[in-house]
Amino acid sequence: MRSYQQSIIYFLQQKDLSACEAELILFWKSMSAQDAAKFFTDLSFLVTVLRFLQEQYWLYNNEKPEPAQFGHFVKRFYKKELKTVLFMHATLESAQVRQVEEMRKQATLLQKAVVQFLKNEPGYDRPLFVSTCLKLMSDFFEFEYQLKIKNEGLSGYTEISLERTFDALDEIFQIKCDITCNSKITTEERIFEGSGVGVQSSYSTILLALRYLKIPQKARFVDLGSGYGRVGFVIGLMRPDIQFHGYEFVDYRVDMSKKISEDFNMPDHVHFYHQDLSLNNFLIPEAEVYYLFGPFTDATYAHIIEQLNVIGAKKPIVIITKGNAREHFMTVMQRKHWSAPQVFHQGNFCLFRSHGR
Ligand SMILES: C[S@@+](CC[C@H](N)C(=O)[O-])C[C@H]1O[C@@H](n2cnc3c(N)ncnc32)[C@H](O)[C@@H]1O
């Protein structure tokens, strides 16, 4: 029997995937949810890394009289970007550059096919599949993060980005962030209507924050502006001991989040509420961790952060800021209560810790 890695190579080398449909379905049915997760994450990573290799190869040969032999060129990535896909080294070493393009297209089709299968297969253990994927993804993001630290300042170095590599997981959750409201929502808030996947934190941000935070057992986690619920689903599956509460203005996002948390067996520890955070009577509940990625108005930011200052002055808490929430937080926070932020990915997200009393 082939390993899941040998199967990836085997399917990547098939000329016509649609001709292998029956074989593929049999193969997925025979795989455990854990092996399917390894298959899916390695495959998703391959889609990104093959594109990266193509770009690097093009840049390397640009303005050179003779293009380098691809099999020779690719070896320089073995200890870096290709370190986690050792099983692909021999295949890549013997490939021509046009075969890399074919493999990438094939990997994309294969990824779509596996997602379709997992979405539609009745009785499939999707929670186990997704939680295994999240653990594997967390290792990939840590690997990417360490690679970035190691190569910082290296001249002529282009980074690989895994920011959107695993977004196909949304399809398995059935997060539909391209849906927009039929009736016009009138509010001063910026609710990111029509911004698609950009309204959500990347899996990379959520999983790295979780890895570096080391949240104590049974902690409470509050997402202020929870959108379609991605943060809650990741926390809920990775850390079922945590009580997660997400507050969101747009009601169809809340409805979708609630449905998904039920579908993935999380209704007892992952909760979503329809709430306008700008209202004066909204009091932020006490928790140990707060997540802030809002495109809120200045007034709403001030209202929220003033309350977080009060909570942070009483007890140690952590605030995760994403994007420009950091600047808003730094403007309104009372510095004496907070340590300097721990900064990730050039400030894309930060962890602020309060000292408490
Ligand atoms: C950028 S999204 C972040 C979603 C989620 N926290 C994540 O990181 O994936 C911010 C969310 O805040 C919501 N929002 C904006 N103003 C709000 C308000 N006054 N009250 C509640 N939610 C609000 C928006 O509708 C949007 O869904």
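These notebook entries record what I looked up in the predicted model, going from its domains to its helices and its sheet.

**Ground rules.** I number residues from 1 along each chain as its sequence is written. Since this is a predicted model, I note that local features need pLDDT of at least 70 and side-chain atom pairs count only at pLDDT 80 or more, while totals for chains, interfaces and linings use all residues. Helices (H or I, at least four residues) and strands (E, at least two) are DSSP runs, numbered from the N terminus.

**Entry 1, domains.** I looked up the domain assignment of the chain, which gives domain 1 (4-172) and domain 2 (179-353), with bounds that come from an automatic or database domain assignment. The C-alpha centres of the two domains lie 31 Å apart. For the interface, I found 16 residues of domain 1 in contact with twelve residues of domain 2, where contact asks that the C-beta atoms, placed from the backbone, lie within 7 Å. On the side of domain 1 that touches domain 2, the largest share, ten residues, comes from α7. I sorted that side by class into nine nonpolar, two polar and five charged residues; here Ala, Val, Leu, Ile, Met, Phe, Trp, Tyr, Cys and Pro count as nonpolar, Asp, Glu, Lys and Arg as charged, and the others, Gly among them, as polar.

At what angle do α3 and α7 pack? I read about 40° for helix α3 (residues 33-61) against helix α7 (residues 126-151), with the axes 8 Å apart; axes are lines fitted to C-alpha atoms, for helices over the stretch in contact, and angles run from 0 to 180 degrees between N-to-C directions. The two helices are therefore oblique to each other, given that angles under 35 degrees count as roughly parallel, over 145 as roughly antiparallel, 65 to 115 as roughly perpendicular and the rest as oblique. Their crossing is right-handed, a word used if the near helix is turned clockwise from the far one by less than a right angle, with left-handed for anticlockwise. Among the residues that make the contact are Phe40 and Phe45 of α3 and Leu136 and Phe140 of α7, and by class the contact has eleven nonpolar, three polar and one charged residues.

Helix α1 (residues 4-12) packs with α3 at an angle of about 45°, their axes being 10 Å apart, and that makes α1 oblique to α3. I noted a right-handed crossing for α1 and α3. The contact is made by Tyr4, Gln5 and Ile8 of α1 with Asp35, Lys38, Phe39, Asp42 and Leu43 of α3, and I count four nonpolar, one polar and three charged residues by class.

I then turned to an open sheet of seven strands with mixed pairing, whose order is β3-β2-β1-β4-β5-β7-β6; two strands pair if DSSP finds at least two bridges between them. Which strands are at the edges? They are β3 (270-274) and β6 (342-344), each pairing on one side only. The twist averages 15° from one strand to the next. Strand β1 (residues 220-224) pairs with strand β2 (residues 243-248) in the parallel sense over five bridges, and the bridge partner of Val222 in β2 is His245. Helix α10 (residues 230-238) packs on the sheet, touching β1, β2, β3 and β4 (289-292), and its direction makes about 175° with that of β2.

Last, I looked up α10 and helix α11 (residues 251-263), which pack at about 20° with their axes 10 Å apart, and that makes α10 roughly parallel to α11. Gly232, Phe233 and Gly236 in α10 meet Ser257, Ile260 and Ser261 in α11, a contact with two nonpolar, four polar and no charged residues.

Technical notes:
Two residues are in contact if their C-beta atoms, placed from the backbone, lie within 7 Å.
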